[in-house]
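Notebook open, model loaded. I'm jotting down what I look up as I go.

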Amino acid sequence: MPDSAPQPPTAREEIWARLAARAADPASRGVRGKLGRDPNRFARLSASGAGLVLDLSRTALDEALLEDLLALAEAADLIGGLKRQMRGEMVNATERRAALHTALRAPDGAGIRAETPDGWQDASALIERERNRLRAFVQALHEGAITTASGVPFAAVLNLGIGGSDLGPAMATEALAAIRPRLAARFVGNVDGHGLAATLAGLDAARTLVLVASKSFTTQETMANARAVRGWLAGAIGEEGAARHLVALTANPAAAEAFGIAPDRIFAFGEWVGGRYSLWSSIGAAIALARGWDAFAGLLAGAEAMDRHAVTARPRRNLPLLLALTHTWHATFCGHRAYACLPYDSRLARLPAWLQQLEMESNGKRVDEAGRPVPYPTAPVVFGEPGTNAQHSFLQLLHQGTDIVPADIILIARPDHALADNHRILLAHALAQGAALALGRSEAEAEAEARAKGEDLALAPHRTFPGERPSILLHLPRLDPFHLGALLALYEHTVALQAALWRIDAFDQWGVELGKRLAGPLEQALATGDTGGLDPASAGAVRLLGRLG
Ligand code: F6P
């Protein structure tokens, strides 16, 4: 057959078209009717893995839709792709790298290798060596064998890093707040001096260990902060003392050494760990220092349990697969261009920020792996806040706005406090949001209630909730290291599986480059006042800042 002859649609294309047709039918997208009809819906549409329960009963899923979605997963060989990723194949095509964050949580002796342009490398050897070095360092520091320059125990750890070198460790350290702190932990990502100055003002340089966390060890913000903090340390305890307070967490040990960090204080990881997937590497040192090595090990164990689940559970019971398919149904087929992450636990306050980078930096792409524009919408906007706070700010729009914004609602069954009433109220609100979004309240109901109360009937449309708005519930028995690790790994796999559906590269981030490049000449213009070569808007802003500043 000549090349130009029309090709029959592939199985994947056929199923894709079927799903698109379903999405065009309002009945297929409906939630309320399905919830009302089937008393076994919760049991049929929830699945468990690595201690987590995923409940999809408040989405539009029914048997026919689920079958089509699972058929799409099979046609796209999603789990096969995940296995190839976890085997160390060069799945990051544009950067010609593996994506082996899963190897970081594999037990010793896993023997995982990473494919590189020069052949296969032993990834496990590097991982195990550095994990053992970090454990020894953390434990020695906790036991008092590693001390400050003046020989007293460290009291605080300051992590300087941005993006994945900040969000993961900061989020996990805060999430594990129930564990007695071994050291106070502070995180500074932004180059904004207000944040750094305020943080340093609350720390004693003589008792603070500073982690310079940067995969590349070239990120401008982190390096500017590292230089400022080195000066702060040296001012308090001298140059030599400062050197004993500095640690590097990086995939570029040579740059860390050139910066003046002693080789025995540099904890490395491989190039095949993406920044937003790096909290499992030495980048997670702040978690171990603040919450203890056992907590960090528990986090790795939970993630590893989810890794195993992801590649062994049958499709109908596979949490990452079901979550990826449901998110894709919402984002791509139904065109819901945002979703909310609503953890009902204030210790997960930074989870939405971590998830934003994970999902939007991974899958905010408009061309496929071969560079061709993709003809469908990819990653939605992710945002969120802990409940119930979110209810009192933006959930109005989710209930009554003109757009449908699905939500992931995360519940922790057992709290780490003794305020039972508070916890019951919290859980009730989480469940109520899911019910209100799905079931809504008709105008007739609103009118009947107004009539019964003798209230103005004109308010009925304002008190009407259309419902039919999907939400996904995720249950954790406790917010402990194991279940937190499983939750984070669940989202990592979900993002990777969605990328495979969209045929995009989840592991590159070319979209961050242009802004970085443009900042150079602008910084120069701000320093000199010379706006030559700048576009008119930038030149105007530089001149204005010069006048105002
Ligand atoms: O600019 C984006 C990014 O590369 C993220 O992907 C990464 O997490 C962050 O910057 C920090 O990078 P690094 O760890 O190399 O300092």
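Is phenylalanine 217 buried or exposed? I get 4% relative accessibility for phenylalanine 217, so it counts as buried (buried is under 20% relative accessible area, exposed over 50%, partly exposed in between, with a 1.4 Å probe and protein chains only).

Ground rules before I go on. This is a predicted model, where local features need pLDDT of at least 70 and side-chain atom pairs count only at pLDDT 80 or more, while totals for chains, interfaces and linings use all residues. Residues are numbered from 1 along each chain as its sequence is written, and side-chain values use heavy atoms, with hydrogens and water left out.

Phenylalanine 217 has a positive phi of about 55° although it is not a glycine. I find phenylalanine 217 in the loop between β7 and α10 (helices, H or I, have at least four residues and strands, E, at least two; both are DSSP runs numbered from the N terminus). Arginine 96 also has a positive phi, near 50°, and is not a glycine either. Arginine 96 sits in the loop between α6 (78-86) and β3 (113-116), and its relative accessible area is 48%, so I log it as partly exposed. I also noted a cis peptide bond from glycine 387 to threonine 388, with omega near 10°. Threonine 388 belongs to the loop between β11 (381-384) and α16 (395-400).

**Strand β8**

Next I looked at β8, residues 246-250. Five of its five residues are buried, so the strand is largely enclosed by the rest of the structure. In a regular strand, side chains alternate between the two faces of the sheet. Here Leu246, Ala248 and Thr250 point one way, and Val247 and Leu249 the other.

On to its neighbours. β7 (residues 208-213) runs parallel to β8, with four bridges joining them (strands pair if DSSP finds at least two bridges between them). Valine 212 has alanine 248 of β8 as its bridge partner. β9 (residues 266-268) is also parallel to β8, with three bridges, and threonine 250 stands opposite alanine 268 there.

β7, helix α10 (residues 220-244) and β8 make a right-handed β-α-β unit, and so do β8, helix α11 (residues 253-259) and β9. Right-handed means that, with the strands pointing away from the viewer, the path from the first strand over the helix to the second runs clockwise.

Alanine 226 is in helix α10 and has 1% relative accessibility, so it is buried.

**Ligand**

I count 14 residues around the ligand, the closest being Ser165, Ser214, Ser216, Thr219 and Glu361 (a heavy atom within 4 Å puts a residue on the list). For polar contacts I used N or O pairs within 3.5 Å; within protein, one must be able to donate a hydrogen and the other to accept it, and residues adjacent in sequence count only if both atoms are side-chain atoms. A polar side-chain atom of serine 216 lies 2.7 Å from a ligand oxygen. A backbone N or O atom of lysine 215 lies 2.8 Å from a ligand oxygen, and for a polar side-chain atom of glutamine 357 I have 3.1 Å to a ligand oxygen.
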